[in-house]
Amino acid sequence: MPFNLGPYHYPQPVIVLAPMAGVSDLPFRRLCQQNGADYSTAEMISAKPELLHTAYSAARLQFDLDPRYPKIVQLVGGDAALLAEAAL
């Protein structure tokens, strides 16, 4: 069954790499995509500004510049306004 994710179209079944804490950094996601994953998800990021704007979060938010791969991030938090702001 075809799958659409925003501007990305996958005509065949999608193979997904789910995030894994401490594992799914950019080099690992690249390897998975090069070996067949249609897309991969970065590790979970806190929407709290004091946690979002750290070197640790910045490392988690590194993405490949290859336009074939969408940038997918999981945001965690309990404040809808902070989640909306972090999504930008």
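With a relative accessibility of 7%, E43 counts as buried (under 20% relative accessible area, with exposed over 50% and partly exposed in between, using a 1.4 Å probe and protein chains only). This is a predicted model, in which local features need pLDDT of at least 70 and side-chain atom pairs count only at pLDDT 80 or more, while totals for chains, interfaces and linings use all residues. Residues are numbered from 1 along each chain as its sequence is written, and side-chain values use heavy atoms, with hydrogens and water left out.

E43 sits in the loop that lies between β4 (39–40) and β5 (45–46); strands (E, at least two residues) and helices (H or I, at least four) are DSSP runs numbered from the N terminus. Leaving aside residues up to four places away in sequence, E43 touches, among others, P19, M20, D25 and Q74, where contact means heavy atoms within 4.5 Å. Two distances involving the E43 side chain are listed here.

| Partner of the E43 side chain | Distance |
|---|---|
| R60, side chain | 3.4 Å, polar contact |

A polar contact is a pair of N or O atoms within 3.5 Å; within protein, one must be able to donate a hydrogen and the other to accept it, and residues adjacent in sequence count only if both atoms are side-chain atoms.

In helix α1 (residues 26–34), the buried residues are L26, R29, C32 and Q33. Viewed down the axis of α1, these buried residues fall within an arc of 125 degrees, so they line one face of the helix, the arc being that of the directions from the helix axis to the C-beta atoms. After α1 comes G36, with a positive phi near 120 degrees.
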